[in-house]
Amino acid sequence: MMIETLFLLSIITVLSPLVGAFISLLLKKWTAIRDIFSVLTIAVSAVTAVIIFILFDGAPKPYDFNWLSWSAGSDLASTTDQVIQSGFYLDTLSVLMTLIVTVLSMLIAFFSLEYMAEDKHRSRYWFFMQLFVGGMLLLVLAHDMIFLFLGWEIVGLCSFFLIAHHYMKKGEEGRKPALSGIKALIMTGIGDVGFLAFLAWAYLQTNSLLVTDLTSGSNAVFMSILLLLAPVTKSAQFPLQSWLSSGDTVNIDAMQGPTTVSALIHAATMVKAGVYLVARISPLWGEPVFYVILMILAGISTVGAAIAALVTTDLKRVLAYSTISQLSYMFLAFTIRDAGEHGLFAGQAHLLSHSIFKALLFLSAGAIIHSIAEERDMKKMGGMRKELPWIYGFMLVGVIGLMGIPIISNGGYSKEMIITTAFENGNWFVFVVGVLAAFLTALYAIRMFLMIFHGKNRGANVHKPKYIMRITLGILAVIVVASGFVLEGPLQNKLTGHNEAYTLLHFVPLPFFVSLGAIILGIGLSYLLYGKGQTEVSLIENNNVLRFLRDVVAHGFYMDHLYNAVFVKPVFWIGNQLSFLKTGKINWNMILGSFVAIATIVVLVVIV
Amino acid sequence: MILPLILIIPLAGAFLLTLFEQLKRYLGKIKIDSDVLNHLFANILALGIFILAILSYSIAGLKNLNTLPPDRLLEFDLLQVILISIFAFLVWMAVLFSINYMKDKGGLGYYYALIFTLLSGLSTVVMANNFFTLFVGWELFALSSYALVAFDRLKRGAVEASLKYFIMSTAGSSFVLLGIALTYGIFGSVDFATLRNSTAITSNPLTGFIIAIFVIGFGGTAAMLFLNAWLPDAHSHAPSTISALLSGMVVKAGAYGIYRTVFWAFGGSNDIVASSSVFISWLGILTMFEGNLLVFAQFWRKDIIDFKRILAYSTTVHLGFIVLGIGAGTEVGISASIFHILTHSLGKGSLFLLSGTIIAAIGSRDLREMKGIGRRSPFIGIVLTIGLLSLGGIPITGGFASKLYVILAIFNGNHTEIMNILLVVLAIINAVLALGGYLYILKFIVFDEPEAKGEEKLKIPVFEAIALIIMVLVIIVLGVWPTEVFNQIIQAIGNLFT
């Protein structure tokens, strides 16, 4: 009886936003009802997710059903029918993710009631918001790779439309969101190459697409590298990060969407999909190559993105870079690979806490941006603590979570967990990078905070936000603090999934004090440099070398320029040269056609 | 009885349609407008053939090949039902669309008559059980499409395109004829089943040569690498409904011909299948690369960024995909290819039809002049988005399902594993490249700001809207629940081999 209840509840969780999305299209005439209805469908998911979380006892439960018949084998005459199984899979990871996704999405949707109230194209917005959440839930609860991939693609598609939401605006303001959406879909599309190829390969190895049946096989090293493309693009890691956050001068990235969309992308959906994928396959997929490359890429990203966050002056971009940096942190945790899977748990815990405090930070940023007429440049803010005292408080909680101050924030617990696990397992790369990133995180988080709230107002007109925003932010701030304590206590057994005598949180003096020292150092340095309302550091401005380096970072490490020069331009150029052959000038058509014909004959005569 | 009906009804209908056109003046005297009569009759006919094709399988006795006489020239099974249904559906959509699109154009009866002879020819190709019947059907549809491409015969471009198509396609046909002659001369039969069971095929050194001749001949129509010079011209200069039919049906006949030759008539021995399928797979991959690069080249053109030309090159990419699926050499691969034929026909068909609407509204094929037209008419925007996403292989659309099937099929194909991985990766890279091109179109038509001169809303003619809505709905239904249709296709291919 219990089993069916859980299965039913997971179906409701997934279908409620998916179906709601299409119903909300029909409610076009009654805008107020449509807005509230759209929030409610996500709320239904949230309620069922909470019930699932309470009922779930920690043992993994698959619910499979036959999906389509498929005759297999490479023999032409084979007629044996094979069945592809699909279904939902409930284990601690998916249950926890479902909870995070639904609750945070509900809060963000609630927040958008006020934030998007002035927007003219809300029916598009609400349609894709609900589809987005539904796609992510499908991805999280899927037991087979086809459902997973389906969710994966729906999430990508919705992010494309939501990032490009403002395309109707005039001139530059409309062109940039459109380009940003296209960039996001194409760059994450590179990951689909790897994932789709991996999916087909896995089916060949085991004749099953269930994630839990995943085993190694021939050419596993090569497939590992292909699979790696998926999390690297979706979670915006080092070589392919620029769709999520590009340089200040390029300014074509996911930050062009409405801030609520950024919050959704960063907190619960989209970028978490890559992390979730690695967490999901991590116990089953043991190829060392996969984890070594991932570790190196994540190491580069976590430091590089933190440095970029120090340089940029766009409020949302600071948060976006910080997301990249924190996602790499989770990946680093996954690559520790100890026997007890402690690194995996630490990474999952950080996934949970990052989702919550990043939602809080983004929504606070949204409230600030909303109250000063869509201004995102931090150089024009300053002194906001007098005008926006509530948001000052809430954002402080978020920043504490981001920095990972121990005891009082959830980020503190999970970050400490990662560093401690790395230390215990002697993984020095992760340990050093982790501590370095903790220092840089404190530095840029406090810099951002001081630039917004302290010093003098540098010319922004403030009109205060209303209640919906404040209520949402308040709830999130409470969760940020509370979930840290909960992590330690009742959640522990559910998270570890098995009742072994390992405590997730245990105190090891050396890593604890090293990381705490790094954080305090970061805060202190940041206060010294920016405490009096400075927007620039004179040392960097006066030194040619440092200024040059700063410009490189501000251009997004010239990654976009590189891709343009290496991939985009050549494709157009080759195409252009090739199109010469089609003009009919010396009648290339016939020459090339005959060439192909002769080649066909030669090849087939030789090989048949 | 139904079997000949599917071939005869369109031909008889074509005759009647021509007759109405000829008797235009006399009909006018007795207060009958022959244009209205033609529209009405053509629509009833197209719908009738579609329903007949669907129904034919459920009528008892037809499921069994044995009911046909042993020296028959045709065969009729689930595969034929499926392909003819796809073709008839597309023809019906085009004809429905034509009510508004071809309004006030001369020679309406001839136009419809040619469409139905085209359908009849394609049905013959699909139903042929020997090379000679196939060739007869081939010439029938080829002749019809030459004339249809040049239907706007006052335009110089249309006539030139038609002539180019004529020359290249005839060259292909002569290759096919040469192949048939060689086959008959060497093996003494042109019947597929006889050839398949013949042991002479494996031992004869000329087999490879004959297969190559057939692949070249069919490859010209199937728009394979560099044999496709006719395709962009013909697609862009033909009336939009005809472009939809060319892209949705005619080029697919080439792919079907390749499949019939390599995997059925000469598919008796696994060695031949294995080695020629490698070649065909790589042909598909190279074709995709060629098509994609040429799509991007279009965006750089200074004179005109021709919307229909871009769609035509994208057809080349999808033909590469279809041939790649066939090249997997397995039942699953062929089924996946046929499913891709279905989704591509729907997606590309709807886009070509939509291009007709847009071109009629703004009077130019230039993408730059279409800027922001999706904003002036949300209907165009939505149909275009769904069509492009389906072609790009994004979920909730049929294109995603078929892309997934093809890729799964290639991986489980005949080749060595390294080759499979390489083929899959190259195929998906091409899919992503193609998606890039589609998003570029989307940017032009939906995202860009409209020019100042055209701010007012557009009105979509009612029958054009109905046809597009039906196609878009089918695309979405196939994307959400592809299983049923795909199972039928698997069943059809399974039937062939048992």
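In chain B of this predicted model, B:F379, B:V383, B:I386 and B:S390 of α17(B) meet B:A465, B:L468, B:V472, B:I475 and B:I476 of α20(B). Two residues are in contact here if their C-beta atoms, placed from the backbone, lie within 7 Å. Helices are DSSP runs of H or I with at least four residues, strands are runs of E with at least two, and both are numbered from the N terminus. By class, this contact of α17(B) with α20(B) has 8 nonpolar residues, 1 polar residue and no charged ones. Ala, Val, Leu, Ile, Met, Phe, Trp, Tyr, Cys and Pro count as nonpolar, Asp, Glu, Lys and Arg as charged, and the others, Gly among them, as polar. An α-helix has 3.6 residues a turn, so residues three or four places apart point the same way.

The geometry of that pair is as follows. α17(B) and α20(B), the latter covering residues 462-480, pack at an angle of about 35°, with their axes 10 Å apart. Axes are lines fitted to C-alpha atoms, for helices over the stretch in contact, and angles run from 0 to 180 degrees between N-to-C directions. The crossing of α17(B) and α20(B) is left-handed, a term for a near helix turned anticlockwise from the far one by less than a right angle, clockwise being right-handed.

Let me state the conventions. Local features need pLDDT of at least 70 and side-chain atom pairs count only at pLDDT 80 or more, while totals for chains, interfaces and linings use all residues. Residues are numbered from 1 along each chain as its sequence is written, and chains are lettered from A and ligands numbered from 1 in the order in which they are written.

What else does α17(B) pack against? Its other partner to mention is α15(B). Helix α15(B), residues 331-362, and α17(B), residues 378-392, lie at an angle of about 150°, and their axes are 9 Å apart. This crossing, too, is left-handed. From α15(B) the contributors include B:T343, B:G347, B:K348 and B:L351, and from α17(B) they include B:I380, B:L384 and B:G387. The contact of α15(B) with α17(B) divides into 7 nonpolar, 6 polar and 1 charged residues.

B:A431 sits in helix α19(B), residues 417-447. With 26 other C-beta atoms within 10 Å, B:A431 is buried; the cut-offs are 20 or more such atoms for buried, 12 or fewer for exposed, and partly exposed in between, with C-beta atoms placed from the backbone. Beyond its neighbours within four places in sequence, B:A431 is in contact with B:G393 and B:K403.

Which backbone angles deserve a remark? Most residues other than glycine have a negative phi, and most peptide bonds are trans. B:F226 has a phi near 60°, a positive value in a residue other than glycine. B:F226 lies in the loop between α10(B), residues 207-221, and α11(B), residues 230-237, and is buried, with 23 C-beta neighbours inside 10 Å. In chain A, the phi of A:Y558 is also near 60° and positive. A:Y558 belongs to the loop between α21(A), residues 544-554, and α22(A), and is partly exposed, with 17 other C-beta atoms within 10 Å.

Chain B has 21 helices and 0 strands. Its radius of gyration is 22 Å, close to the 23 Å of the globule rule for 498 residues, so chain B is as compact as a globular protein of that length. That radius is taken over C-alpha atoms, and the rule is 2.2 Å times the number of residues to the power 0.38. Of the 498 residues of chain B, 63% count as buried.

Chain A comes to 23 helices and 2 strands. For its 608 residues a compact globule would have a radius of gyration near 25 Å, and chain A has 25 Å, which agrees. Buried residues make up 55% of chain A. Within it, 19 of the 19 residues of α5(A) are buried, so this helix is largely enclosed by the rest of the structure.

Finally, how many residues does each chain give to the contact between them? Chain A gives 58 and chain B gives 57. Elements giving two or more residues on the chain A side include β1(A), α5(A) and α22(A). The most comes from α6(A), with 15 residues. By class, the chain A side has 39 nonpolar, 15 polar and 4 charged residues.
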